[in-house]
Amino acid sequence: MRCMPFPGLGWMLVWGALVSVQDDSPIPPTPFDRELLLELTADDPSLIDGRGPTQVVEYTAEFEGTLHVWTSSELDLSLRVEDASTTSLLAEDDDSGGGSTPYVRLEVERGQRVALFVAGSAGEGAVGELLLRLIAAPETAKTREAGAAARGTLDEVARLRADGDLASARDVLSAAVESLRDFGDVELSQVAADVFWDMGIEAHRLNSTDLRLEAWGRAHRHRERTLPEDHPDLLSARNNLAGSMHVVGDLAGARALREAVLAGYERTLPADHPDLLLARNNLANSMHQMGDLAGARALSEAVLAGYERTRPADHPDLLRARANLANSMSQMGDLAGACALEEAVLAGYERTLPADHPDLLRALANLAGLMSDMGDLAGARALFPPLCGGMRARVLASLSLAPRQARQTVAAEGQRLASVRFWSESAGSELRAAVFELTETMRLVAGEAARSLARFGTDPELAPILAEAASVRRAQGDLIAGVRQGDQDGESIAGELTRLSLERDRLEREASRRLTERGVVTRPVEVGALSNALAPSEVVVGYRRMAHWYDDETSGRVLSGPDHLLAHVLRADRSLSRVDLGPAAELEELVTEWRAALGAPLLRGVGLGDDDDLEADAGARLRERILDPVLVAAGDDVRRLFVCADDLAFLVPLEALPLDVDGDERVGDRVRLVSEVSFARLLATQSHVESEPSLLAFGGVDHDADGAAPEGFAAASAPIDDDGASDADATRESRGAIPERFQNLVQTRYEVETTARLFEDAFEVEPTLLTRKETTKAALFEAAGAKRFVHLATHGWFAPETVKSTEDAQPVAPGRALMTAEERVTGFAPMTLCGLALAGANGGRDPLGRVPGILTAEELCSLDLSQCELAVLSACETNVGIRRAGQGIQSLQAALYAAGARTSITSLWKVDDAATRRLFEVFYSNLWLEGMPKAEALWQAKTTLREEGHPPRDWAGWVMTGEPD
């Protein structure tokens, strides 16, 4: 269903809390208003050429301002207004008030006399009663001054909007609306009403729901008082206000206004007028949302009939009308009728749209669903290959966009992917393979979009564009890092973030376009190519959280239920299995329980401690649900799993799950697991050349290097005690408080110094060692380039959960729609909501508004790790909920991958500093001195800590992503 837009403006639906609309009580009349009951008789003279009996009324304006004059009658009337002193014509009309209602609007001065001539038609039947209304909209010098000042701000708002400074534009408009609203007697002022109307237009362009409701609500009240019931301006005001009310969920209020709009158009417009058809469509939308399916269907049938008479066969309006009617028919149980309409819709789109157009994909999915509901499974399955092919083409085409836009395109296909997955359950292996290929191609595109740009960071043509984009990215990071704990959705910086995001998109889209023109392309995931890349004992596993569709026995319909976690398992022999691991919420509880038993809870608070039996039991229950079914599908001969995780699966180090009740044996003792950002690495031809040994060891960060603490960073660490106690003194209990500062981690300095010493012993090459005040963002970017090994030891930073992410779960309620384009920008991308705390992190914003001590994952993508064999983040602790934690871990891994690192090691929780130091001492000895492959070196280091008596919390959280050898 569509909403009727203000002419020339695209209507954008938003999520939002209910906003109270303006007081809908009538504006009281003024002393200057008049209502006169007149009667035209055959004896009245004809005073207007071509007209019949005429009545004359003289009116003296006792105010300065606007006079609205109109009539109410069944007669065919004409209205003429003259200056009573000069007899000069001021205005005349016969039907501009709607239908046959004459209406004129006059600007009058105090004491001015006007003569009003009301005439009937010539000939018989031109006699009878009529009501003449004179409605005053008085002005004062102050109301004119206030209106002029407010209108002046509209020019400033338009200029700021054109410059992309949406935050300032909103601020200026909000202040102007408030100032004009609070001015005395403003509700009577025509000047103010006209300005409020234009303010509503600007608020619409700025996508400010509150301001739009405020401004258009006031303009509507004024027009209701001064205009005839069917005047086009009043109907337009009702229409726009109804659209705004619908957006915020006031369905009943929107429906009432839309009913009034439709009634007015039905009285005044021809049967198939576009405005009338669109008004019916809008009311049908409200009725459908409120559950009045029969009423919605009747209106939709009328809309379709009108478009069939007035539009060409494949016109978009006609096709959308068919789809809307099919939706109502389907929900009312008329599946055959709905199916016939959807077939016509699909045929029209196939003739007019490319294969990857979203309208065509939607039509394919809708028709497949209807066929499935009708039992025509063969017909439904026949639609899935073109549907999957179109979705894949759409996802791959997004690589020519900016990375954020590519990820957004991928995310937008998630719901459609869930429907295809459901319908493929009972289909053959070919369709299941297509769903797997589509799922993993979507994941690949989300990861490769940024990495493909990073690979060309030194290209002479692209380097200036990408450098400017990196500068914008840093400005974004500074804004987000400075959001105070508890700020609601970062509203104070949303406009500036929108501007920066759009500017960055423009730059990165240009770079991506140029790469596409050069023929730099990313190939999709295909079962054959991926299985060919595997050794006989290797298996690919792709975890994916997905909306779960199911057959409802009561209604006989396919319904959407709580999300499930799925796993696709691909063997080297090309056999593909799909495993439904069950409701994601149940698995989240198991993850939470195991993390708590480890002593590494997700949220702030105290873990359950070092109870080996409790940890082993919780871990075994989690393994039975999330891994055992996968291992069964993988087969007895599996020795290595390449795993792409998703959502909650990011938070589980699968190889650390216990295999026995004592926890003595772990999954990693039998099977090696390799984490992947996507399966692109397995599909790529390995052509890199090992560089000379070099190391950047970066740790022992002085977070206080720049002085005072920031206001409200969501620091992922315990607060510093006032007595200056070291990190060794921090108790678990202290972590339950909301931290105000990043704690200096003394052990991380020893960790990087030990790492540097081991490197020098192994290669006889002096490493680059940065500690304390040297650990700045600028120093990191300068030193990391061309390094083969990078080891970063510091705190992780995570934005508070009050700052929403585009991947956070969104509520679904009647009258609510999808995020707007702006919310997809300022509903921050997950990679902007996590990062690292560097020197100066406790210093807050500098005089230029920057936060130099916070490096977001987005900024981390700009780090030059193109020569990096291994990057280690000895950093992370989430202290946020499961969804946000999964996004954060995924983002840090993806950022290192995008920056060019071939392998990375990240931590899933804050690990004891002494244990971390010991683990990496053993790991690097295994890697550099013993020559072990990277994955084996890490597992043996974990085994060493286990043998030395360290609990799983101290070693299990380290995850390797990328090349294992």
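Before I start: I call a residue buried under 20% relative accessible area, exposed over 50%, and partly exposed in between. I also note that this is a predicted model.

**Entry: a negative patch**

I looked up Glu-766 to begin with. Its relative accessible area is 67%, which is over 50%, so I put Glu-766 down as exposed. I find Glu-766 in the loop between helix 23 (746-763) and strand 15 (768-772). Which residues form the negative surface patch here? I get Glu-760, Asp-761, Glu-764 and Glu-766.

**Entry: the whole protein**

I stepped back for the totals. The secondary structure comes to 29 helices and 22 strands. The protein has 965 residues, and buried ones make up 58% of them. For contacts with a separation of 6 or more, I have 75% coming from residues 24 or more positions apart.

**Entry: Asp-580**

Next I went to strand 11 (residues 576-583), where Asp-580 is found. Buried, exposed or partly exposed? I read 37% relative accessibility for Asp-580, so it goes down as partly exposed. Leaving out residues up to four places away in sequence, I see Asp-580 touching His-548, His-564, Leu-565 and Leu-566. I checked Leu-566 by C-alpha distance too: Asp-580 and Leu-566 are 4.7 Å apart in space and 14 residues apart in sequence.

**Entry: salt bridges**

A reminder to myself: side chains of opposite charge can pair when their charged atoms come close. How many salt bridges does the count come to? I get 66, taking a side-chain nitrogen of Lys or Arg within 4 Å of a carboxyl oxygen of Asp or Glu. I picked out a few pairs to look at.

I took Glu-413 and Arg-394, which form a salt bridge with their closest N and O atoms 3.3 Å apart. Glu-413 sits in the loop between helix 13 (403-412) and helix 14 (414-423), and Arg-394 in helix 12 (residues 377-397), so this pair ties together parts 19 residues apart in sequence. I logged Glu-413 as buried, at a relative accessible area of 2%. Arg-394 is partly exposed, at 27%.

Then I looked at Glu-588 and Arg-545, whose side chains meet in a salt bridge at 2.7 Å, N to O. Here I have helix 19 (residues 584-598) holding Glu-588 and strand 9 (residues 538-551) holding Arg-545, so the pair ties together parts that are 43 residues apart in sequence. Both Glu-588 and Arg-545 are buried.

My next stop was Glu-963, in a salt bridge with Arg-902 whose closest N and O atoms are 3.7 Å apart. Why do I say that this pair ties together parts 61 residues apart in sequence? Because Glu-963 lies in the segment after strand 22 (958-962), while Arg-902 lies in the loop between helix 27 (882-899) and strand 21 (903-907). I have 11% relative accessibility for Glu-963, so it counts as buried. Arg-902 is also at 11% and counts as buried.

**Entry: a network**

I finished with a set of linked charges.

Conventions: Residues numbered from 1 in each chain as written. Predicted model: local features only at pLDDT ≥ 70, side-chain atom pairs only at ≥ 80, totals over all residues. Heavy atoms only, no water. Patch = residues over 30% accessible without salt bridge, like charges linked within 9 Å, V, L, I, M, F, W, Y side chains within 5 Å. Areas by Shrake-Rupley, 256 points an atom, 1.4 Å probe, with all protein chains shown as cover. Lys, Arg positive; Asp, Glu negative; His and termini not counted. Charge placed at Lys NZ, Arg CZ, Asp CG, Glu CD. Helix = DSSP H or I, 4+ residues; strand = E, 2+ residues; numbered from the N terminus. Buried < 20%, exposed > 50% of the residue type's maximum accessible area, 1.4 Å probe, protein only. Contact = heavy atoms within 4.5 Å.
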